[in-house]
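Here are my notes on this one, point by point. Have the picture open while you read.

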Amino acid sequence: MERRNIIGELFKAAKGEPTIIFALSIVFTLILFAAFPQFLAPTGYERVDLANRLVPPGPKYFLGSDFVGRDILSLIIWGSRVALMVTVIPTLISATIGIALGIISGYVGGYVDDAVMRGVDILMSFPGLLLALAIINVLGPGLWNAMWSVTIGRISGYTRLSRSLTFSVKETGYIEYARALGSSRNRIMVRHIFPNILTPIIVQMTFSMPGTLLSVAGLSFLGLGPSPPTPDWGVLMQQSRAYLVYAPWAAVVPGLAIFLVAFSFNTIGETLRDIIDPRRKYLKL
Amino acid sequence: MWKYILKRGLYLIPTLLGISLIVFTLVRLIPGDPAEIILGQRATEDVIVIIRRQMGLDRPIYVQYIIWLKNLLTGNWGKSLISNVSTTYLLRNRFRYTINLAIFSMSLVTAGGLFLGVISAYKAGSRIDKFIRFMVIFGWSLPSFLVGIVLIYLFALKIKLFPAFGAGELRHLVLPALATSVGGISYISRITRGSLLEVAGQDFVKTARAKGLKNRRILISHILRNALLPIVTVLGMSFGWALSGSFIVETIFSYPGLGFLTTQSVSMRDYPVVQGCILFIAIIYSLTNLVVDVLYVYLDPRIRYERGI
């Protein structure tokens, strides 16, 4: 496995592929919205206009208004900050912990490996949101609590992946060479194994980002995420559900926003996977 | 074979103990005194002391864990703080609803996922394959709560074809099962496509091709037989999928299964029921994985041979 500039290759792959261009521009827009909502959103997220409740999408409100007359477009733009946060932060933290555990487990082996793998088995016996719900049961609802609870559930995937990747590079020449030169165990793990198993892990992270977004949004939708004044897509959907008959857009538009972000990250992940494993493209029956 | 089953079964014990330890720790980490939580705010000091002693809360923490574990094993899972109904009764009662829904969505997921996966692999690289792969990413990215809301709007509110909530009849299952299946079909078809193409690259397929066998023949009698994870594995995965999705989907459709019970109890801070739900669902999930693992090995002679079982 050689190191490579996968971001550069990603942009190269985007040429002439409308889906990838679309996905990249959605991610770019999300970052832009999250960085400058005060300049880009038509109104603030707390501006209530009871005279214009549940207005359908049109010239006055581009994406309609919700049950207290807030502009949905503005809420989507303000909400992208939370969306970007819950996409990136749980992925980064769980990947960091998971990779560290996986490399140690794979390289050190023995009892350490056994202990870590039993832990992974246990974490993996909680399906879907169950572990997150169990943790929220202790911490109480809230944006950060929802994020922590999802983070913990995601660690085991990275541990498994980086453990098996460590096995595959452990016996290669350069690791043995480093060992023969007298490099310490920590140095080998940090300077030699980690950079060489990073590429497949980055692909896994890209696939995991939409997963954490959907999980945290799901928790907000259940009323266990951030509390109402915080602009959040999941909360907006939960609040607008009661008005589904009169104003379907108020619940559907934020749902579509979640979908678009998830779809873009998944598309990018798929592209990255084809880039690091080009063989996949030419497999045939 | 029996040795393998026994070994795999024994393997379950540390996992179950680990699950119980996590649940015990999480319950004990809840802020506040468990005795006060159970008694509510009106309890007097002396009653709290009595209950604390009864619950063993004055003993060291490992003794508390053993007492707690003993209670679980003897079927004493505590009572709901809200309805005062025993947790085991609630779990038993709600379990069959979850099973009904799971069976319905499992059949959709298995049929749809296998069909799309096989077509996509058979036509690998073609327009159809590209389209199916696009749809798979599309479906995979759809949040189940969005699908649920759209289904309710279209088929319950606009055309009144199926009910938006409730349970008991087949028609109640249709919308929740569809909401669960969209992601599951994508998941299974993706795995199927991958495993088919994996097998297609192996030597015996090249031999079959060199013998001059027709493509369709190779697909059916060489690749499919070797590549399709035994149908039980797919069924097991779809069951896991249905269980994972149950929390959100059951809540949207107010479907009285285990998932809805869990989210409701978390919102209402009904700790004994939350604890019961977490334990019960984790145990079912681990048992499912056990059965799938064993059947997988049992059905595939190659694995039995490799592992010397």
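Predicted model: local features only at pLDDT ≥ 70, side-chain atom pairs only at ≥ 80, totals over all residues.

1. A quick definition to start: two residues are in contact if their C-beta atoms, placed from the backbone, lie within 7 Å. Helices are DSSP runs (H or I, at least four residues), numbered from the N terminus.

2. Now use that on helix α9 and helix α10 of chain A. A217(A), G218(A), S220(A) and F221(A) in α9(A) meet W233(A), G234(A), V235(A), M237(A) and Q238(A) in α10(A). Sorted by class, that contact has five nonpolar, four polar and no charged residues. (Ala, Val, Leu, Ile, Met, Phe, Trp, Tyr, Cys and Pro count as nonpolar, Asp, Glu, Lys and Arg as charged, and the others, Gly among them, as polar.)

3. Next, have a look at α2(A) and α11(A). Among the residues that meet are I20(A) and V27(A) in α2(A), and L260(A) and I268(A) in α11(A). By class, this contact has eight nonpolar, four polar and no charged residues.

4. How many residues does each chain bring to the contact between A and B? Chain B gives 49 and chain A gives 42. On the side of chain B that touches chain A, 36 are nonpolar, 13 are polar and none is charged.

5. Residues are numbered from 1 along each chain as its sequence is written, while chains are lettered from A and ligands numbered from 1 in the order in which they are written. Chain A has a mean pLDDT (the predictor's confidence in each residue, from 0 to 100) of 87, and 96% of its residues reach 70 or more.

Key. Helix = DSSP H or I, 4+ residues; strand = E, 2+ residues; numbered from the N terminus.
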